[in-house]
Amino acid sequence: QVRLVMKAHSFIRENVPRVLSSVKDKAGTVHIPRISQYLYFLFAPTLIYRDNYPRNPTIRWGYVATKFAQVLGSLFYAYYIFVRLCIPQFRNSSQETFNLRGLVLCIFNSILPGVLILFLVFFAFLHCWLNAFAEMLRFADRMFYK
């Protein structure tokens, strides 16, 4: 939801000054973006609204399939880490009486698997998922923020 709020803010910030200046100048035409431009912006991997983005001529479907396979692989690997390293720690602690030492040991034993799962989720979403959608939308400027 934060991403959608940031995209809405960018869309409004880019378009409201243009509309207000054309109304102030009493120009005959007011440039309002089309719905297709807004929908493209919602799915494009950028937070800066432009009416047109550089586009690739074709979609590399093999690249898209590879990125989605990496997302699935990351999810399965995160599941494996969770089942093998995290669940046994908490299952053992639930059978014992509560004590602070057991809780601290359980938390410290879960830090490394938790960090690994966090890295996998960031890799799966920020690298694989967004690159797959960038390729399907033919978004050419992968170094947009540079």
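Trainee: Which is threonine 46 in this model, buried or exposed?

Mentor: Threonine 46 is buried, with a relative accessible area of 2%, where buried means under 20% relative accessible area, exposed over 50%, and partly exposed in between (1.4 Å probe, protein chains only). The model is a predicted one, in which local features need pLDDT of at least 70 and side-chain atom pairs count only at pLDDT 80 or more, while totals for chains, interfaces and linings use all residues. Residues are numbered from 1 along each chain as its sequence is written, and side-chain values use heavy atoms, with hydrogens and water left out.

Trainee: Where does threonine 46 lie, and which backbone atom lies 3.2 Å from a polar atom of its side chain?

Mentor: Threonine 46 belongs to the loop between helix H2 (35–43) and H3, helices being DSSP runs of H or I with at least four residues, numbered from the N terminus. The atom in question is the backbone nitrogen of isoleucine 48. A polar contact is a pair of N or O atoms within 3.5 Å; within protein, one must be able to donate a hydrogen and the other to accept it, and residues adjacent in sequence count only if both atoms are side-chain atoms.

Trainee: What does the side chain of asparagine 15 reach?

Mentor: Asparagine 15, which is placed in helix H1 (residues 2–24) and is buried at 5% relative accessibility, reaches with its side chain the backbone oxygen of phenylalanine 11 at 3.0 Å.

Trainee: How many aromatic pairs does the structure hold?

Mentor: A pair of aromatic rings is described by the distance of the centres and the angle of the planes. Rings of Phe, Tyr and Trp (its six-membered ring) pair if their centres lie within 6.5 Å, and planes under 30 degrees apart count as stacked, over 60 as edge-to-face and the rest as tilted. There are 8 aromatic pairs here, among them the edge-to-face pair of phenylalanine 68 and phenylalanine 133, with 6.3 Å from centre to centre and 90° between the planes. Phenylalanine 68 lies in helix H3 (residues 61–95) and phenylalanine 133 in helix H4 (residues 100–136), so this pair ties together parts that are 65 residues apart in sequence. Phenylalanine 68 is partly exposed at 26% relative accessible area, and phenylalanine 133 is partly exposed at 22%.

Trainee: Which residues do ring pairs link into a cluster?

Mentor: The cluster consists of Phe11, Tyr38, Phe41 and Tyr49. Lysine 7 lies over the face of phenylalanine 41, 4.5 Å from the ring centre; a charge sits over a ring if NZ of Lys or CZ of Arg is within 6 Å of the ring centre and within 35 degrees of the ring normal. Likewise, arginine 60 has its charged end over the ring of tyrosine 63, at 4.5 Å from the centre.

Methods. Helix = DSSP H or I, 4+ residues; strand = E, 2+ residues; numbered from the N terminus.
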